[in-house]
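Below is a short briefing on one structure, grouped by topic.

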Amino acid sequence: MSKVLLFNPKSAENKYRIPNSILSIAASIEGKYEWIIVDGNCEADPAQKIEQYLNTGEVKYIGFTVMPGPQLRQAITIAKLVKQKFPYTIMIWGGYFPSNQPDSVLFSGYVDFIINGPGDYAFPQLIDALETGAPFEFIKNLIYQAPDGRITKTIKEDLIDQDSLPALPYDKLANFYPITKYLGKTYLGKKTMAYHSSIGCPFTCSFCAVVPIYEARWKAKSAQMVYNDVKYIKDKWGADAIEFHDNNFFVSEKRAVEFARLIKPENMIWWGMARIDTMHKFKDSSLAAIRESGCKIIFFGAESGNNAILEQMDKGGTQTGDQIIEFAERLKKFDIIPEYSFVLGTPAPTPQQVQAQIDFEINFIKKVKAVNPKTEIVIYVYSPVPTEGSELYKQVLASGFKFPETLEDWISPAWENFDLHKNPLTPWLTPEMIDKIRNFETVLNGVYPTVTDIRLNALKRMAIKLVANFRYKVNLYKYPYEIKLLQKVWRYRQPEIQGF
Ligand code: B12
Ligand code: SF4
C-alpha cells in the first residue's frame, strides 16, 4: 500500500535519455520502499499505464519530475487526472520547474509537496515522516502549503557529498524499460548514454534557473566514481559515447583531466557543458588530454559578444567578447569543436538600442565563425527567468513584463513557446526583431549546418550551403523561404527547441 510511483513526463520526441532525475530518487528509497518507474518518453499512453498501477491499490506516493515546456504540459494533465481518480494519493513534484515556481504549483490544488532542489535525502525523509505521522516541517529542501495557506519553504540542505550517494539502480530500471532503448544514436556515437556527474554551479548568471536553487554551490562525484559508472554501462549494455548533463562539467580542471586519463583507454566519445572563462584558464596540456580522451565537442554559454550585456547577465568581469573569440580560435588547435549558445534580444531602454544590440550580436557571431568556422552556434531569443533581486530581473519587470500566475498559464501555447525561447512575449521585442533573429539563424544554419544533425548527409549539407552563402555574404536575411523549405523537407534539427 505504500509503493512509490515515479513519473518522468514526456520531454523528448526521440533520443530518449536515461531518466536520471527520477532514477536518482528511486536510488534514494531503494531497499526501503518499493518503487515503480513510468517514463513518458517510452509510453504511448503514460496516463493509462499510471492508472493501471494505481488500480492495484498499492501505490500511495507519486513523484513527478518537471521541467518547463512540453514536459510540464503532460505533467499537469496527468497530475490532475490522478488526483481526480485517486484522491488519496500524495503527489510530490521535484525538479527545476516546481523548485523555481512553487506558488503556481502548490496553488494548483493537485500537488501536495515540492522537493526544492536535491531530493536524495529530502524525499526518503518525507516518505518516512508521512508513513509514521512524524512532523515533516523540519525536513530540509521542502516546500509545502501551511494550514493558513502560506507557501512555506524549509531551509536548504548543504550539498551532499556526491560519492556517498547510492549507485543508480540501472539494473532495476531495466525491468521497466530496456536500457539499450536509452542509449541513442547521436553524432557522438551509436549508443550514447546520459550521465550527470555534478550538481549546481559556482556561478550566478542572472538569467539562469540553476542559481536560485543552488546559490553558487557546486559538488561533484570524483573522476574515479564517474569512470566506474560509465564503465559499468559500457560493459553491460555497450555504450560507446557519453553526454554529460551537468550544468557545468568542467568546473575543476583536475577532475576533468583525471577523468580524461581514466576514460581514454575506453575509446568513448564524450561531450559536456562548460564556461569559457573557466576553460580558457586550462593548461594546453589539459585541453590536449581532454581531446585525446575522446571529448570532441563542448557546449559553452557564450551568451553575448557585448561586454556590457555580459556584465548585466553576471557573466561580466571574467568573460568578455574578446575572450569568446580568442577561445574559439584556441580550441581549433586542439580539434575541440566549441558549441556556443547566444542569447539575442536582451532588454534596453529604447527600441533602437534593442535593435542595435541584435545587429551587434549578428556581426559578432559572424566574427566567431570567421576565426573558427567549426564553431557550432545555438541562438536563443532572450526569455527572462525570474531570478528575483537581480538587476536584469528588475529591468524586465520595469518594462511591463509579467510572469504567468497559475499553473495552467504556464502551458498556454504562448508560454510554452516562451520556454522554448521561440516567441518570448517580451514587451521590448517587436515581431520584426524576432523575425530578424530567426531569419539570420536560418541563413547561418544554411551556411553552416550543425554537425549534431546526423540525418543531414554531405550532399544535403552542400545543397543548403549553396543556397544560403549569398545571403550570408551580403547580409540579406529577410524571407529566407528557399532555405526554410530545404530544412523542412530534411527536418533540420534545432538544438534550442529539442535540447542539446
Ligand atoms: C536532460 C535534460 C533534458 C532532456 C530530457 C530530460 C528527461 N527527463 O528526459 C532534454 C534534452 C529533452 C531536455 C529538454 C529541455 N530542457 Co532540459 N535539462 C536536462 C538537464 C541537462 C539534466 C536533467 C537531469 O537529468 N539531471 C540529473 C538529475 C539527477 O538532477 P535533477 O533533475 O536536478 O534532479 C534532482 C533534483 O532536482 C530533484 N528532483 C528532480 N526531479 C525530481 C522528482 C521528484 C519526485 C523528487 C522528489 C525530486 C526530484 O532530486 C534530484 C536528485 O537530487 C537539465 C540541467 C541539469 N543539469 O539538471 C536541463 C534543464 C532541466 N532543462 C531545462 C530546459 C529549459 C529544457 C527545455 C524546456 C528547453 C531547452 N532548450 O533545453 C527543453 C524542453 C523539454 C520538454 N520537451 O519539455 C532547464 C530548466 C530551467 C527552468 N527554467 O526550470 C534546465 C535546468 C537546463 C538549464 N540550466 O536551463 N532537457
Ligand atoms: S555558468 Fe551556466 S549553469 Fe552556471 S550559473 Fe551561469 S548559465 Fe547557469
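A residue counts as near a molecule or strand if its C-beta atom, placed from the backbone, lies within 6 Å of it. This is a predicted model, in which local features need pLDDT of at least 70, side-chain atom pairs count only at pLDDT 80 or more, and totals for chains, interfaces and linings use all residues. Residues are numbered from 1 along each chain as its sequence is written, and chains are lettered from A and ligands numbered from 1 in the order in which they are written.

**Ligand 2**
- Around ligand 2 lie C201, F203, T204, C205, C208, V210, V211, N247, N248, R275 and G301.
- This shell comprises 6 nonpolar, 4 polar and 1 charged residues (Ala, Val, Leu, Ile, Met, Phe, Trp, Tyr, Cys and Pro count as nonpolar, Asp, Glu, Lys and Arg as charged, and the others, Gly among them, as polar).

**Sheet**
- An open sheet of 7 strands has the order β2-β1-β3-β4-β5-β6-β7, with mixed pairing (strands are DSSP runs of E, at least two residues, and helices of H or I, at least four, numbered from the N terminus; two strands pair if DSSP finds at least two bridges between them).
- β2 (35-39) and β7 (151-153) are the edge strands, each pairing on one side only.
- Strands β4 (residues 90-94) and β5 (residues 113-115) pair in the parallel sense over 3 bridges, and W93 stands opposite I114 in β5.

**Helices α20 and α21**
- The axes of α20 (residues 431-447) and α21 (residues 458-473) come within 7 Å and cross at roughly 130° (axes are lines fitted to C-alpha atoms, for helices over the stretch in contact, and angles run from 0 to 180 degrees between N-to-C directions).
- α20 and α21 are therefore oblique to each other (angles under 35 degrees count as roughly parallel, over 145 as roughly antiparallel, 65 to 115 as roughly perpendicular and the rest as oblique).
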